[in-house]
Amino acid sequence: MKNISKYWLLFMIAAMSATSCSDDDNEKVVMPDPDPTTLGWVKQTTEFGTLPEYISVYKSPSELEGMKAIAFIAVADMSKANFATIGDQIYSKTPNQIWQAEQQKYPIIMNGGYFVMGAGKSVSLLCREGEVLAVNSQEEIRSQKSYYPTRGIFQLSKNGYFSTDWAYTTTDGVTYTYEQPSPNKSGYEPQPAPSAYFPTRGVKLNAETAIGGGPILLKDGSVRSGVAPENYHPRTAIGVTANNKVIFFVCEGRSVTEGVKGMNMAMMANILKSLGCVDAMNLDGGGSTCMLVNGQPVIKPSAGAQRAITTAVALK
């Protein structure tokens with residue numbers, strides 16, 4: 001009986017060890033992010049001055065997604081870099097003015113969310129140091145009907161994770177995030193106003209830093225189906241890779257450089273996915289699109305001069 005007990009104990013120890021090994025083997029393996037240079041992007045080593053060793057800037061190949069392109073990305077290792085938002089609910093400065101106002105402390109500055117031109121009022125969420133300074137637009141009137149859209153945000157949570165999510169701020173001032181957007185469609189009856197339980201179970205915003213925009217281009221590694229609009233313009237986007245690198249993206253458009261029309265959302269989503277992004281979101285584009293590297297613009301503004309904007313994102 002003693003021998004049986006001994007052998008049974010040895011068997012159980014071996015079984016537990018095997019289970020432990022199996023669990024280790026099943027752990028998700030995160031592959032390295034693609035090297036942009038293998039995709040034709042050219043690392044900018046001297047063109048914009050000195051950058052921290054954990055931030056790199058690349059210029060696109062002459063064609064992207066089959067079209068003539070001028071685009072730039074800034075790639076930051078977030079184990080060493082800091083992500084920041086700039087602006088306020090009411091704010092109006094050009095990117096160069098922001099660069100000066102922030103005492104040139106951010107080597108990378110890019111335009112942020114949507115706003116009311118002329119009024120300098122943000123209609124996109126802005127969160128800094130855990131405080132929500134502005135919220136995403138809560139209502140949209142279509143055909144004399146009120147729709148309550150969930151709009152995108154790109155956030156750094158207080159737990160240290162980056163993600164894109166859909167968000168809505170209720171009338172009592174609580175901002176919830178959702179895994180899926182509210183299924184509003186033009187021409188159909190409006191969906192109920194988002195809440196703690198609609199369109200999915202809401203999670204109270206727990207962001208340290210966040211910027212609103214949209215549409216969301218990538219979520220959990222997948223391109224969002226039917227992402228629109230499909231027309232070509234200068235574009236701005238932000239994303240994060242599986243290895244916690246944040247990517248800022250801008251592209252020129254509207255033929256400021258002959259033949260460079262810009263991009264649509266699907267093209268931008270595919271490009272960001274090819275660069276390793278698992279979550280990504282569109283930001284304000286067109287005449288607002290701008291990225292500064294050490295205070296120098298990387299593309300030509302489509303309106304001929306920098307536009308005053310209400311929010312920006314930055315890396316240092």
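**View 1. The second largest pocket of this predicted model holds about 550 Å³ of space.** The model shown in this and every other view is predicted. The lining of the second largest pocket is made up of 27 residues, and those that lie nearest its centre are Phe-162, Val-240, Thr-241, Ala-242 and Val-278. Several strands give two or more residues to this lining, namely strand 14, strand 15 (162-169), strand 17 (203-204), strand 21 (235-241) and strand 23 (277-282). Sorted by class, the lining residues of the second largest pocket divide into 12 nonpolar, 9 polar and 6 charged.

**View 2. The largest pocket has a volume of about 750 Å³.** A set of 27 residues lines the largest pocket, and Thr-150, Trp-166, Pro-181, Ser-182 and Pro-215 are the ones that lie nearest its centre. At least two residues of the lining come from strand 12 (140-142), and at least two come from strand 14. In terms of class, the lining of the largest pocket has 11 nonpolar, 11 polar and 5 charged residues.

**View 3. Phe-83 and Phe-154 form an aromatic pair, and the structure holds 5 aromatic pairs.** A pair of aromatic rings is described by two values, the distance of the centres and the angle of the planes. For Phe-83 and Phe-154 the centres are 5.8 Å apart and the planes stand at 85 degrees, an arrangement that is edge-to-face. The pair links distant parts of the chain, since Phe-83 belongs to strand 6 (residues 83-87) and Phe-154 to strand 14 (residues 151-157), with the two residues 71 apart. Phe-83 counts as buried because its relative accessible area is 8%, which is under the cut-off of 20%. Phe-154 is buried as well, with a relative accessible area of 0%.

**View 4. Strand 22 (residues 245-251) is mostly covered, with 6 of its 7 residues buried.** Strand 21 and strand 22 form a hairpin in which 3 residues lie between them, and Asn-244 in the turn has a positive phi of about 65 degrees.

**View 5. The charged end of Arg-142 sits over the ring of Tyr-147.** The distance from this charged end to the centre of the Tyr-147 ring is 5.0 Å.

**View 6. Val-227 lies in the loop between strand 20 (222-223) and strand 21.** Is Val-227 buried or exposed? Val-227 counts as buried because its relative accessibility is 12%, a value under the cut-off of 20%. Val-227 and Pro-215 are 12 residues apart along the chain, and their C-alpha atoms are separated by 7.2 Å. Pro-215 is also one of the residues that lie nearest the centre of the largest pocket.

Methods:
Residues numbered from 1 in each chain as written. Predicted model: local features only at pLDDT ≥ 70, side-chain atom pairs only at ≥ 80, totals over all residues. Heavy atoms only, no water. Phe/Tyr/Trp six-rings, centres within 6.5 Å; stacked < 30°, edge-to-face > 60°. Helix = DSSP H or I, 4+ residues; strand = E, 2+ residues; numbered from the N terminus. Buried < 20%, exposed > 50% of the residue type's maximum accessible area, 1.4 Å probe, protein only. Lys NZ or Arg CZ within 6 Å of the ring centre and 35° of its normal. 1 Å grid on protein atoms, 1.4 Å probe; cavity = no way out; pocket = protein on both sides within 12 Å on 5 of 7 lines; lining within 4 Å. Points joined across faces, edges and corners; volume = space filled by probe spheres on them. Nonpolar A, V, L, I, M, F, W, Y, C, P; charged D, E, K, R; others polar. Pairing = 2+ DSSP bridges.
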